[in-house]
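This report is written for a reader new to the structure shown below.

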Amino acid sequence: MHNLGYTRSSWQVDHALLTPDTFIRASLPGMKKATAIVHAAPAMGAAFTEYTVEFEADGRIGPSQNQRFLYVLEGTVDVAGKQKKHRLSKDGYAYLPPGDHTVSAREISRAIVIEKEYVPLKGTHPPKLFIGSEPAIPGQPLLGDTTLEVRTLVPADMAFDFAVNTLTFQPGASLPMVEVHVMEHGLLMLEGGGIYRLGESWYQAVAGDFIWMGPYCPQWFGALGKVPSKYLLYKDWNRHPLAR
Ligand code: UGY
Ligand code: MN
């Protein structure tokens, strides 16, 4: 049955829900045997870009003048700076400073990449390449709620101008309040699903969906179903609102 033009995808001035049925693939400059699905970009009102890379075997992406945060969704991805090569498997991640680095995959793989121009901060040194693995990070209950765990993937260091966390909700758990804040978010739903309030609308959100929340977009999530829900969340962080 044809969907007769129906989709859950919606783009609004302060938020967007983008569902896999509407994803369009295109190669970005520097990519070989790889394509991108661009989820968030300045064209929509975001101050960062976030895209999924789908690698063929021996696929690669080019270098970037922006800092990158890369999280592996499927397969294995190799990242290398000036010295060492690191192999990342599912739920492994890397911070890549601007400049020369290589990102490649020996097998069919998928990763999500966040890119943002680095905003320096006096008294700190720009961060260096590092890698991590999400399952190895201890979960912290959000405001004492043990049904909602936060894992902080980027170190608590003012040198970083953004944060990336995972939030894991047990079925029925929810954010404790409607948040309205100056930071914007890029969100990839990794597991489960529920109801996301964005602005004045309530959306069904399930694994595979991408959400952009602009500055001050009212936001709230409640997890539904019988399995935990989990999302990967970017936010700008650690900088004065007038800094650039
Ligand atoms: O950290 C956050 O701002 C987070 N609690 N927001 C969200 O999950 N929409
Ligand atoms: Mn938030």
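What spacing do the donors of the manganese ion (ligand 2) follow along the chain? The pattern is E-x1-H-x3-H-x33-Q. The model that shows this site is a predicted one.

## The manganese site

Four residues coordinate the manganese ion (ligand 2): E179 through OE, H181 through NE2, H185 through NE2 and Q219 through OE1.

Is H181 buried or exposed? H181 has a relative accessible area of 13%, and because buried means under 20%, H181 counts as buried. E179 has a relative accessible area of 21% and is partly exposed.

## A three-stranded sheet

Strands β17, β16 and β19 form an open sheet in the order β17-β16-β19, with antiparallel pairing. The edge strands are β17, covering residues 201-206, and β19, covering residues 219-223, each of which pairs on one side only. On average, and with direction ignored, neighbouring strands of this sheet are turned by 25 degrees against each other.

How many bridges join β16 and β19? Strand β16, residues 193-198, pairs with β19 over five bridges in the antiparallel sense. G194 has A223 in β19 as its bridge partner. In general, strands of a sheet pair through backbone hydrogen bonds, either parallel or antiparallel.

Strand β18 spans residues 210-213, and both of its faces are covered. F210 and W212 lie on one side, I211 and M213 on the other, and all four are buried.

Two pairings of β18 can be described. Strand β2, residues 15-18, pairs with β18 in the antiparallel sense over four bridges, and H15 stands opposite M213. Strand β15, residues 185-191, also pairs with β18 in the antiparallel sense, over four bridges.

## The largest pocket

How much space lies in the largest pocket? The volume is about 690 Å³. The lining of this pocket consists of 27 residues, and those nearest its centre are A47, K116, V119, D236 and A243. Two elements give two or more residues to the lining: β10, residues 109-116, and β20, residues 229-236.

## Backbone and loop residues

Most residues other than glycine have a negative phi. D58 is not a glycine, yet its phi is positive, at about 65 degrees. D58 lies in strand β4, which covers residues 49-61. Y216, also a residue other than glycine, has a positive phi near 65 degrees. Where is Y216 found? Y216 is in the loop between β18 and β19.

I108 lies in another part of the chain, in the loop between β9, residues 102-105, and β10. The relative accessible area of I108 is 61%, which means that I108 is exposed, since the cut-off for exposed is over 50%. I108 and L4 are 104 residues apart in sequence, and the distance between their C-alpha atoms is 33 Å.

Conventions
Residues are numbered from 1 along each chain as its sequence is written. Chains are lettered from A and ligands numbered from 1 in the order in which they are written. This is a predicted model: local features need pLDDT of at least 70, side-chain atom pairs count only at pLDDT 80 or more; totals for chains, interfaces and linings use all residues. Side-chain values use heavy atoms; hydrogens and water are left out. Donors are N, O and S atoms within 2.8 Å of the metal (3.2 Å for Na, K and Ca); water is not among the atoms, so sites may look incomplete. Buried means under 20% relative accessible area, exposed over 50%, partly exposed in between (1.4 Å probe, protein chains only). Two strands pair if DSSP finds at least two bridges between them. Axes are lines fitted to C-alpha atoms, for helices over the stretch in contact, and angles run from 0 to 180 degrees between N-to-C directions. On a 1 Å grid over the protein atoms alone, a cavity is a set of points where a 1.4 Å probe fits but cannot get out, and a pocket is an open set with protein on both sides within 12 Å along at least five of seven lines; lining residues have an atom within 4 Å of a point. Grid points are joined across faces, edges and corners, and a volume is the space filled by probe spheres set on the points.
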